[in-house]
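Thanks for coming. I will go through one structure today, and I will keep to what can be read from the model on the screen.

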Amino acid sequence: MMTVVHTDPEPTHNVAAIQTRTPGAWAGVLFLAVAAATMAFLYVSREVDNLQTQILQFVEERTDASVSIGSARLGGFRSIRFEEVAFTYETENGIRIESTAPGVAAILNPFAWFEGTQIVSNFDVVDAEIRVDTSNRTPTDARDTRDADAWIAQLPGTVSFKRCTLIVDGIHENAPIEISDFAGTIARNQNGESMVATLSGNYERESGKAISGRIQYSAADDFKCKVQISALTAGDVNGFLPEEHHFTESGRINPAITIDAFPDKTMTIALESEFQDITVRNQPEFIGVMAGSIAAYARYDTTTRSLSIRTATLDSDELRAQLSGQLLFADDTHGIDLLLEATELPLQAALEHYLPKEIREQGKMDITFEQPEEFSVAITGTTDAFQIAATGRAPGATVSFKPNDDRYPEGQIELASIEAGWDSETESPVLNAIIRDGSMRHEDSGIYADRLSGNVQIANNTLHIDPLNAEIFDEPFVARASYSIEDETGNATISGTLVHAERTALATAIKYTDVAGAVTFSGAATLQDGAVTADIELEATNANIDYTWWFSKPVGIGAKATGKLVIDPDKSIVLTAQGDVAGSTLAARVDWASRNGKWVFTKSILTAESIDVVSTGKCLRLPYTITGGTARNARYEWTLVNRDGVLWTSEAEADVDRVDLLPETGSEPMMIKDAKVVATFNKGDNSTGDLTLRAAHATMPSFGEPWFRPLREDEALLERFPIVPRRWRYELYADAILAPPWSGTEFEGITTSDMEKVSLESYRANIGEGWVEGAFTSYREENRYATELKWEGVPSRFFLEHLDLPIVLTGPIAGHVAYGMDRDDPGTLAGDGAFTIRDGQFSADFIINLLEHQMEGDVNSLPPSLKFDRLYADVKFERDVVKTPVVELDAEGLAVRGVGQYVNDGDMDYDLSVSISPDTAEQIPALRDSLNLQGYRLAQKTVDLPFHVTGPTSAPISELTDTPPVRVTLVAGALEVTKEAMNVLDAPRKILVDLLKTAGGVVSARKSGTGNTPK
């Protein structure tokens, strides 16, 4: 045993003495210190096994843990290293903690043995694996009743971790939680009343998911903890919760959480975090993915297990809000009662989302709200069954809509008193607002509405606009509408007056139809399965309605209709209607089809059981005043074909009992009775039109009067409805026809017309006991015509009256004629013909009227007519000259032969040879007194008198060109006297008068007892 002798040291305050110590004294002190340290190290080395036992006992007593150490060795003067350390601990509620480490260094205090205190001051744990298994944990309210202060006091000064791995099983539902690069320190303060721990690591071995924390712990109800985690995903969070509690669906957060615990069993929680790409369960679709930041402060009561959020601020691209409320964790289903009061919500997206998809897909809607805005979102219920209710208020907003397609209107409305809401239980929006002003423009339809007002409401998943007032061209318009967002069905009513229909698409909605003026309308529409059905009423008495160039209902003529409109979007539109127009009841169907995004007119059918001819006639653009009776069984059909060179076809027909057409510039009407009219038209490469008219009786204007007047040319009409080059064909049939002076039966006529010519290809009619037939062609470009006519057994009076000549003869006539002429040059007239009248008679009335002022004696003693056997003539037309190479008249006792010509509106030049039998000449004083008629009898010769007729056709001059031979004159000196007498006008006049008297026979010019001259 070594004995240590103590000597009293000098007082420590004797600095001078210390300073005067010799170097040898200092060497002695150093030696003693080294010796003491050496003895301590030797002692520790000898007591390693005993120290290991003490440390194990220390840990097990304070943690109820099982610890095993493979070996221990000194790591230097102040440390001991334990190899292959294993630590196992299980809590009262079944949580098991296991840790293995290749080595743990214990930092020793060698002088602790001398002082009787804890020998280990620090533990250094490196490369350890710490596994916490919570799979078998059981719910318990048991508390560790051990004195925390004493427990902390027994802890070593510091426990440090480096490069460790922490694995937690049974908390994350998908896989164990693994924190790599786990590092930190756990240290108690000097008085042993509290400890401070700092920890860090990487979550799931990903450097981007760093986790760090600091804990200052004094007791279970007195600690402060701050944890920071970066890039924590929704999956990471949901892994700690049952599936029914998964609140977030996607995104990542970077939370920083600070927790302070207080002795009153409460704690405060402060949270700050940025978040990206966050979506939550049951969130409205219109919110979308969120990014931003959140800062919150809450208090947690451990007794009631409730979390009260005192303040929380959410700031994101779509939401800026304050959050308050409470979360309850007393049960497995955690309660939620939160209120989010926002200064900004994605109402633009919300309204766009809940608008009818037909509107959302067709354009862009912008909304600007007036300040202040008030918005809130309430979340109530439990984590597995919670509801979201959103409400919002604003004093006003401006909503504008710009369509992608010109088929839809654009507009802007101003809203006031806006209240909106949404809840996740019904997933149905709620909205109440007032339309205080606005306008709408639809370029395609030409409808511009201003001064919009009304109410807008969304309730029970249905949008209501009731009413919607507007002004269209300064006239009121009222509408009401509702739309079911869920069923995509709706209904609407409209009423108003369109005062300028010509400015809108209604003007040309039906092909070839123009509407102008005021149209009063009302209607009710429904939307079902994407199709619109509308019942409409129109009143257009104050409107002008034009159909192509020939129909125009003027203002004042009644027109009203009711109908049904069916619109199948992108497929078809069908309009069926019944109406009264111009006193007639009509039924119509009009079809449109969708072709390449546009509506194409495809078919229309118009029918009428009865049409008033007079009222309808006032609507026809024809140069006639139309009167008459009724048209029945009328039908008009137009069809789009668009194949084989044909664009469209149309058909029309009607039965007309009577129609009269009086030309505007004439006095003789066309009158048709009991007629059937059928017309067909087409347009295409070779456009055609066919008209068939069959009438029981037709009265036409006199010849010389135009039958068909040219249409009024209207430049505006021609611009709107250009004339289509078309080949026309007319077939006309009449059981009886009157065209003064002509009258006939069984009339048939076929006329064709195109851009080159108009041709009456054939016509025929029975006239009297005879017939007439012919053809006529007019060439447009050459402005010339050609005609031919032949007839048989036609009473000659029709020809004389047609030529405006007096009835100078009667009898049936047969003949033919063919001629043509350039209208621009009458000198081009060329043609020929011939006619024959048999068993006829001349009337003396016209001749008497011409000659009565020159006649001697009583003119009424003349016979009224002269019978003849045959009258024949050849006619040739050459320019303005009409030639008659042969003129022959054969009568009893008289024969006339002639040849000559006359110029139209000019002079005539005729040579006539008159052969008279002696018996007939005997009755003519001028011949009887000048000629030896007995000599003619003896010679059996006729009296031949040649005449030459010249001068204008209106006042011809006749001259006897030669006298009879001397041998037949009465006296030799009578030759000159007779010649002179024949050279004057009176001679042929007297011969003619006497001839008429003789040929007249027994028919007297004056009827016995009447005293009147016959007409």
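Start with Arg-937, which counts as partly exposed at 30% relative accessibility. Please keep in mind that this is a predicted model. The side chain of Arg-937 meets that of Asp-919 in a salt bridge, with 3.3 Å from N to O. Asp-919 sits in helix H13, residues 918-922, and Arg-937 in helix H15, residues 933-938, so this bridge links parts of the chain that are 18 residues apart. Is Asp-919 buried or exposed? Asp-919 is exposed, because its relative accessible area is 52% and the cut-off for exposed is over 50%.

A word on the background. Side chains of opposite charge can pair when their charged atoms come close. How many salt bridges does a search of the whole structure find? The search finds 26. Some of them share partners: Arg-870, Glu-888, Asp-890 and Arg-897 are joined into one network in this way.

Another arginine to look at is Arg-436. Its salt bridge with Glu-370 has its closest N and O atoms 2.3 Å apart. Glu-370 lies in the loop between strand S18 (363-369) and strand S19 (374-382), while Arg-436 lies in strand S22, residues 428-442, so the pair ties together parts 66 residues apart in sequence. Arg-436 also meets Glu-414 in a salt bridge, at 3.7 Å from N to O. Glu-414 belongs to strand S21, residues 410-423, so here the parts tied together are 22 residues apart in sequence.

Glu-370 is partly exposed at 28%, and Glu-414 is partly exposed with a relative accessible area of 28%.

Arginines turn up next to rings as well. The charged end of Arg-441 sits over the ring of Tyr-448, 4.2 Å from the ring centre. For Arg-694 and the ring of Tyr-733, the distance from the charged end to the centre is 4.1 Å.

Trp-742 lies in strand S42, residues 742-753, and Phe-798 in helix H11, residues 796-802, so the pair ties together parts 56 residues apart in sequence. Trp-742 is buried, with a relative accessible area of 11%. Phe-798 is buried too, at 3%.

Elsewhere, Trp-592, Phe-601, Trp-638 and Trp-648 form one aromatic cluster. One of these, Trp-638, is also in contact with Ser-604. Ser-604 is found in strand S35, residues 598-612, and is buried, with a relative accessible area of 12%.

In soluble globular proteins, nonpolar side chains tend to be buried together. The largest nonpolar core here has 62 residues, and Val-794, Phe-868, Ile-916 and Val-943 touch the most other members. Strand S49, residues 865-878, gives the largest share of this core, with five residues.

Last, the whole chain. The secondary structure comes to 17 helices and 54 strands. Of the 1015 residues, 39% count as buried. The accessible surface is about 55,400 Å², and 54% of that belongs to carbon and sulfur atoms. Among contacts with a separation of 6 or more, 49% are between residues 24 or more positions apart.

That is the end of my part.

Notes:
Residues numbered from 1 in each chain as written. Predicted model: local features only at pLDDT ≥ 70, side-chain atom pairs only at ≥ 80, totals over all residues. Heavy atoms only, no water. Core = buried A, V, L, I, M, F, W, Y, C linked by side-chain atoms within 4.5 Å. Buried < 20%, exposed > 50% of the residue type's maximum accessible area, 1.4 Å probe, protein only. Helix = DSSP H or I, 4+ residues; strand = E, 2+ residues; numbered from the N terminus. Contact = heavy atoms within 4.5 Å. Phe/Tyr/Trp six-rings, centres within 6.5 Å; stacked < 30°, edge-to-face > 60°. Lys NZ or Arg CZ within 6 Å of the ring centre and 35° of its normal. Areas by Shrake-Rupley, 256 points an atom, 1.4 Å probe, with all protein chains shown as cover. Salt bridge = Lys/Arg side-chain N within 4 Å of Asp/Glu carboxyl O. Lists of a residue's contacts leave out its neighbours within four places in sequence.
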